[in-house]
Amino acid sequence: LARTIQLSRPGQTTDAATERQLTYDLAAWTQSHARPILVPRSAEWMLSPAGMKNTVALKLGIDIYNPAELHPEANRLQWDGVPESWAVSPAPVDVPRAAAFSVGHFDIEAAVDLASVSPTRVTPSKLLFTEGYSKQSYHMSVVLPVSFSEQLQQGRKIVLDGDLQKDWMDEDALFKGRMVKLIDRPALQAQRLDMASTESAIYSTWTSQCQYVAFRLGGADAPITNAERSFVERQFGRAWGEDIVEIVLQPIYASGAGPLFHLTFKPRGQIEVFRRLDPKLNVNPWQAFGSTDIRYAANVTDAIWRGEVMIPWDSLLPPGKAAERPLMLRMNFLQHRGRTGESASWAGPVDLVREDPLMGLLQIRRAESRGFVPNR
């Protein structure tokens, strides 16, 4: 911009050679920035395909933005690295001709062997997009965790008091590490997967009556203010101004998927629960869900937030449906830090948490024989 302004100074003749060089440099700069942008948008998890025992199928939806005036053809999209438990086709998927300055939505498939899933080890899946015109390749990474929740063994009991050391085992962990930051502009433009600045751990187990979820989160800063409220303030669909944990759940039964639930927790014990009804039949599909026995206990010590949640199976049932335990849960877990504004999720990167269709998967698995080793 400065060179363009200085090119034609008052009372002076424009230097043709300088103008020509500026045009060349501007064209080269524009071309270097006109790169496709890939954004993971949806993860559709389906029960075992025919002939594939103990396997779930995944259809990953990706938005591809073409920021150039060119209309490249013969574009290709393919997997370029997946977790060990995944099976994918090495053959690329053809991506139709891209219109200028447009966004196209495309799907790519995979299968996950549930028997070989490693609960706490989360490996990003990588995709490779090759532009048909220039033959240049561009990468994108996404974290789609698949884990399992095992039945609580006989003789064990979960007491909701925020003390994870007494009741939880290392084998109950479905995640340990750094979660994925929510989408922001710099990371999106660089096609970079940014991780949270603090460590997290998520645990899960279940009984015939309920599902238990526990978490241990770093970065539980001192409150910004002494004021407290039962509701959550959001800006542009994201939590803001206080420490928040959000859990999104959707049960998957043998007969199909149940309603979507959004649970919000605060360090001092407040809880907010919403259920999404059919948007075709309800103007405001998100409804406060008060008639439930979901319980929560928290403990914050030395900037570590420990929480325990009990979710009765009955509360996850669709209206009018008989009692049934789900086979799986589509799930995402998010932590928002009020003091720093950092948000990160278990599955991601995502833009919004409450209604975002990009979620991981939690299998509801019967218990295996194991010794009791207290979680530290």
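Visitor: What makes the pair formed by the backbone nitrogen of Leu152 and the side chain of Thr205 a polar contact?

Guide: In this predicted model, the backbone nitrogen of Leu152 lies 3.3 Å from a polar atom of the Thr205 side chain. A polar contact requires N or O atoms within 3.5 Å, so this pair qualifies. The Thr205 side chain also reaches the backbone oxygen of Glu150, at 2.7 Å.

Visitor: Why is Thr205 called buried?

Guide: Buried means under 20% relative accessible area. Thr205 has 0%, and therefore it is classed as buried. Thr205 belongs to strand S12, which covers residues 200–206. Beyond its neighbours within four places in sequence, Thr205 touches residues including Ser149, Gln151, Ile158, Trp168, Asp172 and Tyr212.

Visitor: Why does Tyr65 count as partly exposed?

Guide: The relative accessibility of Tyr65 is 32%. Partly exposed lies between the buried limit of 20% and the exposed limit of 50%, so Tyr65 falls in that class. Tyr65 is located in strand S2, residues 55–66. Together with Phe101 and Val103, Tyr65 forms a nonpolar surface patch with about 300 Å² of accessible area.

Visitor: How do you know how much confidence the predictor places in the model, and where is the pLDDT below 50?

Guide: The mean pLDDT of the protein is 87, and 93% of its residues reach 70 or more. Over residues 369–376, however, the pLDDT is below 50, although this stretch has 26 contacts in the model beyond near neighbours in sequence. Where pLDDT is low, predicted coordinates should not be read in detail.

Terms used. Residues are numbered from 1 along each chain as its sequence is written. This is a predicted model: local features need pLDDT of at least 70, side-chain atom pairs count only at pLDDT 80 or more; totals for chains, interfaces and linings use all residues. Side-chain values use heavy atoms; hydrogens and water are left out. Helices (H or I, at least four residues) and strands (E, at least two) are DSSP runs, numbered from the N terminus. Buried means under 20% relative accessible area, exposed over 50%, partly exposed in between (1.4 Å probe, protein chains only). A polar contact is a pair of N or O atoms within 3.5 Å; within protein, one must be able to donate a hydrogen and the other to accept it, and residues adjacent in sequence count only if both atoms are side-chain atoms. Contact means heavy atoms within 4.5 Å. pLDDT is the predictor's confidence in each residue, from 0 to 100. Patches are made of residues with over 30% relative accessible area and no salt bridge: like charges are joined within 9 Å, nonpolar side chains (Val, Leu, Ile, Met, Phe, Trp, Tyr) within 5 Å. Accessible areas come from the Shrake-Rupley method with a 1.4 Å probe; for residues, only the protein chains shown count as cover. A salt bridge is a side-chain nitrogen of Lys or Arg within 4 Å of a carboxyl oxygen of Asp or Glu.
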